[in-house]
Amino acid sequence: MKVSLPKGVRDFGPVELRKRKYIFSTIEEVFKSHAYQPIETPTMESLDTLTGKYGEEGDKLLFKVLNNGDFLAKANVEALEEKDSSKVLSSISKRGLRYDLTVPFARYVVMNQNAISFPFKRYQIQPVWRADRPQKGRYQEFYQCDVDVVGSDSLMYEGELVQIYDKALSALGVEATILVNNRKILEGLAEAAGAADKFVDMVVSMDKLDKIGEEKVALEMESRGLSKASVDFVLGCLGITNLDELEQKIGHTEIGKAGIEELRTFHQYADLHTFDRCELRFDISLARGLSYYTGCVFEVKAKGVSMGSIGGGGRYDNLTGSFGLKGVSGVGVSFGAARIYLVMEELGLFPEELANTMDVLLMALDEESHVHGYGVLMDLRQKGIIADLYPEAAKMKKMMKYANNIAVPHVMIIGESEREAGQYKVKNMETGEQIDLETWLSER
């Protein structure tokens, strides 16, 4: 049997895992500094919880989990014979792997509404699963770093979230553009184009603009029932970057006007922040395909690399309402850790020390020195030094080859003379320089 992994999932070795944890810990510190609290939700959710929240494209990408035991025992026989997968599904699967962290969070809020205080600010760093076609920066299993607040309509939080993007990405050394739009503006655009009844079709098509280009988006809109005049009007507005100019186009629609005013209020908060490595830019074509967004939407793209978005999110007014808790608005954004990792790797942004597995490797030249060296090892660890001892007294060539393979920065050789004198030398593996252990420790 050939050992392999399913497509879209990965193993992580020690170096990759340290780099990934560096990303998580850096982002988490920014979350905590803005008074967000951690929660976790289960890997699996009821399919009823997940379906109908992500739009037609998202629902297709849900991983379904077969019922326990003989899952065909209660299967819809008629649907099986007709090979109707949609009808069969409800009879053989009641659970699915979470597609994102936002919908499970909304479910959590509804179930715990009497135990939490609103507004409730939470962050969550956990894996999600999507049955997407694997490609660079897109996997079927990946981590999201989410930060959300529910229970307030205040656009202060939208301003806070773009500041969180800037602070976290700046701490990681990543330069990026934060694109912003408002779903109400898109609704106003559809209404002004005479295609209010085709709003969802327009948004689904516009969300593919970066992937397939303007010409194919136009064709898709027409195939979804938008008239050519409507398509021309929508595409003709894509170059607008100024809210005053946009107001002339769609300001006569009530919903479009509301979206423009929300963005102006958002900027009152966002513009108080001095952005470091990120720039904030309005993009009327930004749609965010997930159907639960109702207000401001965001998408983050790294500069200097060819990569898809490394983050996104927005305002959702009705998500908890789908679980029976109405009138609880929320807003949140997500960091795509897998893509941020690739960006940092490509641009060489990870600290060099993350590649080192330890500070020093001890090597014993004989059995007695090996036992003695273990005592030295314990003393070094007590001092906070990340150290290890080669597991046997071996030939110097063998031990040095191991030290080079694991890229340890320093080695310390213990033989009879070192053991008897109680004095040791630490060798720098890059320069070859050797210094006394006490001196080495004092310089750290």
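Keep in mind that the model is predicted.

Let's start with the second largest pocket. Its space comes to about 160 Å³. Which residues line the second largest pocket? They are Arg-10, Asp-11, Phe-12, Glu-16, Arg-20, Tyr-139, Phe-142, Tyr-143, Ala-337, Ala-338, Tyr-341 and Leu-342. Helix 14 gives the most, with four residues. By type, the lining has eight nonpolar residues, four charged and no polar.

Now stay with strand 6. Gln-144 lies there. Is Gln-144 buried or exposed? Its relative accessibility is 8%. The cut-off for buried is under 20%, so Gln-144 counts as buried. What does Gln-144 touch, leaving out residues up to four places away in sequence? The list is Asp-100, Leu-101, Gln-124, Ile-125, Gln-126, Val-128, Arg-130, Ser-334 and Phe-335.

Last stop, helix 15. This helix takes in residues 367-382, 16 residues in total. From first C-alpha to last, helix 15 reaches 23 Å, close to the 22 Å expected at 1.5 Å a residue. Its buried residues are Ser-369, His-370, Gly-373, Val-376, Leu-377 and Leu-380. They cover an arc of only 115° around the axis, so they sit on the same side of helix 15. On the other side, Glu-368, Val-371 and Gln-382 are exposed. What covers the buried residues of helix 15? The cover includes strand 12 (360-364), strand 13 (387-389) and strand 14 (410-414). It also includes helix 17 (416-421) and helix 18 (437-442).

Terms used: Residues numbered from 1 in each chain as written. Predicted model: local features only at pLDDT ≥ 70, side-chain atom pairs only at ≥ 80, totals over all residues. Heavy atoms only, no water. 1 Å grid on protein atoms, 1.4 Å probe; cavity = no way out; pocket = protein on both sides within 12 Å on 5 of 7 lines; lining within 4 Å. Points joined across faces, edges and corners; volume = space filled by probe spheres on them. Helix = DSSP H or I, 4+ residues; strand = E, 2+ residues; numbered from the N terminus. Nonpolar A, V, L, I, M, F, W, Y, C, P; charged D, E, K, R; others polar. Buried < 20%, exposed > 50% of the residue type's maximum accessible area, 1.4 Å probe, protein only. Contact = heavy atoms within 4.5 Å. Expected span 1.5 Å × (residues − 1). Arc of directions from axis to C-beta.
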